[in-house]
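User: I would like to go through the aromatic rings and the nonpolar cores of this structure. Could we begin with the model itself?

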Amino acid sequence: FLGAGGGNDIQWCFSQVKGAVDDDVAEADIISTVEFNHSGELLATGDKGGRVVIFQQEQENKTQSHSRGEYNVYSTFQSHEPEFDYLKSLEIEEKINKIRWLPQKNAAQFLLSTNDKTIKLWKISERDKRPEGYNLKEEDGRYRDPTTVTTLRVPVFRPMDLMVEASPRRIFANAHTYHINSISINSDYETYLSADDLRINLWHLEITDRSFNIVDIKPANMEELTEVITAAEFHPNSCNTFVYSSSKGTIRLCDMRASALCDRHSKLFEEPEDPSNRSFFSEIISSISDVKFSHSGRYMMTRDYLSVKIWDLNMENRPVETYQVHEYLRSKLCSLYENDCIFDKFECCWNGSDRQVIFNRTVTFFLPPLCSIVMTGSYNNFFRMFDRNTKRDITLEASRENNKPRTVLKPRKVCASGKRKKDEISVDSLDFNKKILHTAWHPKENIIAVATTNNLYIFQDKMN
Amino acid sequence: MLGKGGKRKFDEHEDGLEGKVVSPTDGPSKVSYTLQRQTIFNISLMKLYNHRPLTEPSLQKTVLINNMLRRIQEELKQEGSLRPVFVTASQPTDPLGDNFREAQPAFSHLASQPLLPTDLVSTTPLESCLTPASLLEDDTFCTSPTVQHDGPTKPPPPALQPVKDSFSSALDEIEELCPAPTSAEAVAAAETAAHDSKDHPSESNVQKPEGLPEGRTAESKLMDSLPSNFEITTSTGFLTDLTLDDILFADIDTSMYDFDPCTSATGAASKMAPVSADELLKTLAPYSSQPVTPNQPFKMDLTELDHIMEVLVGS
């Protein structure tokens, strides 16, 4: 039964890789965010140079039923430019921190992109026809001499080469003193939140000169600051509910109906520390780098430095599931602190909707959640998947080597200690410069996008 | 970090510090625990103060590093209050110990604080480390509440005064002995440094309108980097960058820490011996335009060194 298998039943195949081949990475090309749109037809990436590149999936070729459509470049535009803060004499990076798509309402596509300080709403629209046959203008736009006009004609639309235009429709600026780490669109599709280190603001998509502060954890005396906001997200179904995570490993769920300023949480999710694992770095590795609700909204997933945790919204005192991403790094924390890798912010994602299963792309079954897999990145260009039902996990590598289209990826294994088996990689051989921080899962199909430093890999499950 | 992508190998040395978590109460592994703690402390300090980005540093990272430093300092404080300051337990609280403890700050700024054995570290030396110039200034040092951290202000012990006076005069002597341009600069720099530290209380008031006392704890000085970065300026302290960086991260002579008070023949005087003219001159190095590394032979006679030693020791 296709599509309903567990993580290990899915055989992942290399599909495509985008980006420069050479090892010398241009700083501006470093991918900083990856996001599918709601249909999965479009895949957006943001980079450190402030650019957004959108890929579009080819329409399925009926004759080529053995592979899904390829993703090709659809639109590229410069979303943010570097700025200079004259007051503090500091540069404001143009790096795109997050992209979030709006659901499609008409022919055009809309997305929000943000850097550290400013959020922008971009409209991406297609133009494949243009009017021709003006009476007063030549085709190149020059005005005709009126005396040469002898007949009257009606301009008509003629097809032209597809042109995709991106234009900024709204600019939401000057609302954040600190660095924006998250944006999340509300299920009402009219409002969205933006979170920085100390505050969360609520915006209306139509209004750019005003935002409402809904969370403020800045202490009166900055000397007392010991905790910052690391991520925030709206509940997928409940438009008054959102969560935010902190650098101390806590998640707070807030209800906007309770009060205007949601400084008092409705729920506080925190797991007590395991005393046997206590170290100098306990706090740092507990810092949550990403939080994502499940599609149903019943669960949420958090990523801290070494693990992925699944929380049931009805249980605050501990997660229901914990998956170790790279436990072999626990004994290396001091080195990872020294080289700053301990501060790397890994993201995580759920597999496609856990409510519907697409069979042969023609029949859609709506089943209770059957296949639930979570994915996150690691070092050495490895990424990990955990099947919540079978409890099996797999480690795969995003690499150009030995990756021909439709070749099944070979599972990888890291040897923590002791004798290294063949094909295993020892911890000391891991390349900590090759980190996979951003991954995305197609909302409906088993297609994943995995970003290495400057390349975007697309993998699909093997069909047939 | 993003060079040619070569495989990164872990330092063998680093591995030696890693490993299972050791609790501070384990006997034999206490040394490795304190060693690891000290290393982490050093690394944390360097991260906070060695970073000169063009863009604002990550607040999350700064907060996490600050928390780390605070935790270690708390631990040290607790350990310091439970045990005597000496490395050995053979000399518990006695006047000598007190003198040493209080005199210590006078010299601690000459050493690079972060590498002091943990037992000899209290919050005061750290602060001294961060504001060495202020210690050259009698007023700031004597009235700083952090020096008398165990209670209300009390007059500094008499042992201190002669030391400071002799220190100042020793400073002058050294400057006379140094080549003319550097001595002039050194004097000017010392005066500027003294001036700066006089200014710093007001500077700090400008930066912190919430009204903090002048002699803040090390934590608050660390936290300065937060509001400074995000509210007003990017300055991470009230000293000039040159002074702070050079004093903190100048090449470090660890010979002092090899000194074991247990084995010294004489009493209190020997405790002060480790703080040699070497340390003194290293402090002066930033003030001179010529970079002076500890390995460079100094331009002074050994006799001059001895003379200074005697002056410092007060014998």
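User: Is A:Tyr192 buried or exposed?
Analyst: A:Tyr192 is buried, at a relative accessible area of 0%. Buried stands for under 20% relative accessible area, exposed for over 50% and partly exposed for what lies in between, with a 1.4 Å probe and protein chains only. This is a predicted model, in which local features need pLDDT of at least 70 and side-chain atom pairs count only at pLDDT 80 or more, while totals for chains, interfaces and linings use all residues. Residues are numbered from 1 along each chain as its sequence is written, chains are lettered from A and ligands numbered from 1 in the order in which they are written, and side-chain values use heavy atoms, without hydrogens and water.

User: How many aromatic pairs are there over all chains?
Analyst: The search of the whole structure gives 21. Rings of Phe, Tyr and Trp (its six-membered ring) pair if their centres lie within 6.5 Å; planes under 30 degrees apart are stacked, over 60 edge-to-face and the rest tilted. One of the pairs is A:Phe172 with A:Tyr192, edge-to-face at 5.2 Å centre to centre and 80 degrees between the planes.

User: Which parts does that pair tie together?
Analyst: A:Phe172 belongs to strand 11 (residues 156–172) and A:Tyr192 to strand 13 (residues 191–195) of chain A, so the pair ties together parts 20 residues apart in sequence. Strands (E, at least two residues) and helices (H or I, at least four) are DSSP runs numbered from the N terminus. A:Phe172 is also buried, at 1% relative accessibility.

User: Which rings form a cluster?
Analyst: A:Phe14, A:Phe383, A:Tyr457 and A:Phe459 are linked into a cluster by ring pairs.

User: Turning to the largest nonpolar core, which residues touch the most other members?
Analyst: They are A:Phe281, A:Tyr305, A:Leu329, A:Tyr337 and A:Ile342, out of 37 residues in that core. A nonpolar core is a set of buried Ala, Val, Leu, Ile, Met, Phe, Trp, Tyr and Cys residues joined through side-chain atoms within 4.5 Å.

User: Which helix gives the largest share of this core?
Analyst: Helix 2 of chain B does, with seven residues.

User: What is A:Tyr337 in contact with, leaving aside neighbours within four places in sequence?
Analyst: Its contacts (heavy atoms within 4.5 Å) include A:Phe281, A:Ile284 and A:Phe343 in chain A, and B:Ile40, B:Ile65 and B:Met68 in chain B. Apart from this core lies another, of 19 residues, among them A:Trp12 and A:Val450.
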